[in-house]
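Hi,

Here is the structure I promised to hand over.

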Amino acid sequence: MKTTVVLLFTSLMLLSSCAKKTEAFLEDFDKYHDRVWITRDFWSIPLEDWQITDGRVVAAGDHPKRKLNLLARTLEGEGSFHAQVRLGPIGKSDAGAYAGFAFGLKDDTDNDVRSVCYFGKGTIAGIQADGQIFIGDKSANLPESFDDADLTLDLTVTRNEGSSKVLLECSDLQGNKATVEVDGLSDTEGRIALECTGNYWFDDFRLEGTMVKPGSAFGPILFTMYTLSRGTLNITAQMPPIGEDDNQELELRFFKGRRYHYADKVTMMPDARIATFRIDDWDAAEDVFFRVVYEETYRDGSAEEYFYEGAIRKEPEKEELVVGGLTCQYHYGFPYRPLSESLLEMNPDLLYFSGDQIYEANGGYGIIRYPADRAILNYLGKWYMFGWAFGKLMDDRPTICIPDDHEVFQGNLWGEGGKLLTKEEWEGNRDCIAGFVEPVEMVNVVMKTNCSHLPDPVDPTPMKNDIQVYYTDLVYGGVSFAIVGDRVFKSGPDRVATWEGRLDHLKEPLKDPSILDKPGLTLLGDRQMEFLDEWVRDWKGASMKALLSQTVFTYASTHSGNDSSYLEGDLDSGGWPKRGRDEAIGLLRKAFAFHICGDQHLPLLIQYGIEDYRDAGWVFCTPAISVGYQRYFLPDRLGWPVVDRPAHGNPNTGYYKDGFGNLNYVYAVGNPDEINVHENRYKMADLRSSGHGIIRFNLESRDITVEAYRFLSKTADSVYLQFPGWPHTINQLENYGREPVAYLPPLDIQGMEDPVIEVTNEVTGELVYILRIKGLQFKPMVFSMDPHTVRVGDPENDQWQTIENVKPLPTADSDEASKIKVEF
C-alpha cells in the first residue's frame, strides 16, 4: 500500500506535524535497504560513520565520536518520557568507549533543530566498555556475568516543576540488570540522540511519554537549486546516500491548472547523489510551482512517495535586478539563521554563492582524504549542512553556486588545469604547491553538486586527468553574468618561489620583483580568457554585465591569522600572477563589467587600476557568511600615506599599491573588531565581519548599488545595519575607469531601442569597448586619436550598421553638424 506524504512549500526543510497528540516513536529499521543515510527522521554525524545494515543501525568508522540525532520528536514541558534502544559492541573498544542516549540537548546560541544537532549539549546516559552504566557523572557497575553482546537500555525521565528524576536500566538477554538513578537534574527538555565513541550497533529505538512532542524531518530530497537562462531551466535535486537497492529515479512535475503534471524523470547520479532536470523553451513569463517526487521503496515491497516543492520565479522585467552575494561558511555560525532570515526578508531575485560552501572542520569533525568513496561521503555530510541552512532561500529563486578550495579539502588551490598531487607531495608542501590532492572522483563530485544546475559549460572538455569544468555564462533579468573559476587553471607558487618558508607568502618586498612575472603563468587560463573575450562581445538579452568568480583580483589585506601577522603579499590572492590579473581586468573593462566575488573573509569595495589608479572597473568582495580565518586591511596602522581618501573619511581607504604592484582604490573595507571571540556563536560571527552582500543592478539608470550587511544586521526596530562605507552607488560607465583622450562624433540612432555600441581602433585592431546604451544618443569616448570603426545594432535580431574611419574630435564638445545619424 502506498502512502503519500506532502512536504509543504512554506516549510520544506523543517517539517512539523499538526497532530494534537504525539504518538510514540518506534523505529526498528527492518524495512530499509542497506545504506549510509538512515531515514528522514534522523540526522547522523558524521554521515559516513552511520549506516543501516541488515535491518539495524551500525555506527563505526574513522571519527572518535558519533551522534544520531532524532529529528522526528522533541522533549518539552512537564511530565515524563521513556526511551529504549537495543545495542551491542562491534569488535573490541577502548575501556573508555561508551554508547547510549544524549538527551535534553540544547544550544545556547540558537535552539533551532539544526543548531542542536551540531552544537547541542545535554546529559549522556549509557554503557561504558569497562563494564559500567552511567548518567552524566554518576555510574554503577554491571554484574560480572553481564553479556553486553546484545543489551537493552531503558531511560525514564520524570520532570516536575523544572526538576527531573532520571533512571537508566541496562539488561542483557539472560536477564542480568543494573540501574543508576539521578534526582534533581534540571535540563531534560530539548532533543534526544543516540551517541557513541566506540563501534556499536543499535536497533529497536522507542520514545514515548507526555513530554514527547512533534519534531521535524529532513529528506529524502534534501534541497534543490535551479537556474534559468535564455529559455533553459536547470534544476538539481540533492539526495542523501541512499542504497543500491533503493529506488534511484526522481520525477519532476509542474503545477498547471489545478494539479501537478509530469515533466521529466531522471536517474540519480550515484556518486554525487543528485538528479538534474533540464527543460528547454521555458516560458519565463509567470511563476510556476514545481514538485520533485521521490518514491522510497522498502524491503517488504511497500513504498512511500515524498515531495519537495518550490517555485520557478517569473523572470524579472522590472527596473532593478537584486542579487544576494554570499561566500565562506565556517561551521561555528551554522545554521546562520539571523543572516538567512534577513536575506529572506530582503528577497533578492538571484543568489550567488562564490565558494567555500564547506570547510574541512565543518560539522565538528575532520576530513577523510582517501579512499574516494569515503572522501565523497565525508564531503557530502558537510555539503548537506549548506543545503539545510539555505534550502528555503534557494527553492524559489535562481542560485549560482561555484566551489572554491575548501570544497576539495585544500586551504589553497592552484589547479594548473587539472594537475594532480600525490599524498606525499601534498604533505611536504601543504597548501602552497600546485595541484589537486583529492581523488579525481571526489573532485568531480564537488563540481557536480555545486554546478550541475548551471547552464552548460561553454566548452565541457575536461581539464587534465578528467577533472570537470563549469565556466559558463547566465543571462537573467537583463544582466549577463560570466561565471569562472579563478583557482582551477591558476599557476602555482612553486613556479616562482625562491624564498625561505611558505612558498605562497611574501613576508617582505622582493629585491627582484620580476621573478614573480615569468612567462607562461596564468590566472584564469587560456580557455577561460577565450570565453571571456567572447562573452564581452555577446549582449543578447543583456543591458549590463558582471563577472562572478571566487576571489578579488588583487591583494587587499595587510594582516591575517589569529596573530594578525603582516604579509607583503599572498600568492593565493587574485593579485598574482599580475600579468594575468591585468589581462582579465582589461577584458572586463571592455564590457563595463562589474566584478562580484568573495573568499577573502573581508568585505571590500575597490576600483581596480591597471596602468593608473582607477583606470578600470569596480569589484565587490562580499562579507563571509561566517568568518573562520581572519584577515584585516590596516594601512593606517602601518603608517602608509593617505592618498585620495573617499569623502566619507573612513580609515584604511584610498589609493594603495599591493605587494605585487597592483593599484587599488579602496573605497570601503569592513575590518573585524579587535576582540572577535564570543561564547555566543552568532555574536562572534558579527564581531568577525561576517555577513552578506546585496547588489542592485538598475537597468534604467544603469547604476549599480552595493550593500554590505552585518551577520546581525537586523535591529529591534527592523533597521538593517551595514558596514561603514556601504551602501555605495556607481554607474555602469564607471567600470571603464580610463580618462578619455577624445570623443568620436555623437551618434543619433533611429528605429532601434537601446542599441549595442561597439568601438574598435582601426590602427591596432583592438576592441576598445562594447556596451548596450540606454536611449538613442551616445557620444563614444576614445583613448587615442586613431580612426575608429563604430558598429551599432541589435544582437537579438542580428541587425547591425558599421561606420568606418570615424575620426576623433579634439574635445568633448560638438555641434549638431558633427552628429552621425544611424537609421534602421
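How do the residues of the lining of the second largest cavity divide into nonpolar, polar and charged? They divide into 7 nonpolar, 3 polar and no charged. Ala, Val, Leu, Ile, Met, Phe, Trp, Tyr, Cys and Pro count as nonpolar, Asp, Glu, Lys and Arg as charged, and the others, Gly among them, as polar.

Ground rules next. This is a predicted model, where local features need pLDDT of at least 70 and side-chain atom pairs count only at pLDDT 80 or more, while totals for chains, interfaces and linings use all residues. Numbering runs from 1 along each chain as its sequence is written, and side-chain values use heavy atoms, without hydrogens and water.

**Cavities**

The search of the whole structure gives 6 cavities of 30 Å³ or more. A cavity here is a set of points, on a 1 Å grid over the protein atoms alone, where a 1.4 Å probe fits but cannot get out. Lining residues have an atom within 4 Å of a point. Points are joined across faces, edges and corners, and a volume is the space filled by probe spheres set on the points.

The largest cavity has a volume of about 60 Å³. Its lining has 8 nonpolar, 1 polar and 2 charged residues. Among them are Asp404, Phe436, Arg487 and Gln550.

The second largest cavity holds about 40 Å³. Its lining includes Met463, Gln468, Tyr471, Gly485 and Gln528.

**Backbone**

Most residues other than glycine have a negative phi, and most peptide bonds are trans. These spots are worth a look.

- Phe334 to Pro335: the peptide bond is cis, with omega near 0°. Pro335 sits in the loop between strand S26 (320–326) and helix H2 (337–346). Helices (H or I, at least four residues) and strands (E, at least two) are DSSP runs, numbered from the N terminus.
- Trp576 to Pro577: this peptide bond is cis, with omega near 0°. Pro577 lies in the loop between strand S35 (569–570) and helix H7 (578–590).
- Asp54: phi is positive, about 55°. The residue is in the loop between strand S4 (50–53) and strand S5 (56–59).
- Asn652: phi is positive, near 60°. This one is in the loop between helix H8 (635–638) and strand S40 (654–657).

Are Asp54 and Asn652 buried or exposed? Asp54 is exposed, because its relative accessibility is 62%. Asn652 is buried, at 8%. Buried means under 20% relative accessible area, exposed over 50%, partly exposed in between (1.4 Å probe, protein chains only).

Best wishes

Terms used
1 Å grid on protein atoms, 1.4 Å probe; cavity = no way out; pocket = protein on both sides within 12 Å on 5 of 7 lines; lining within 4 Å.
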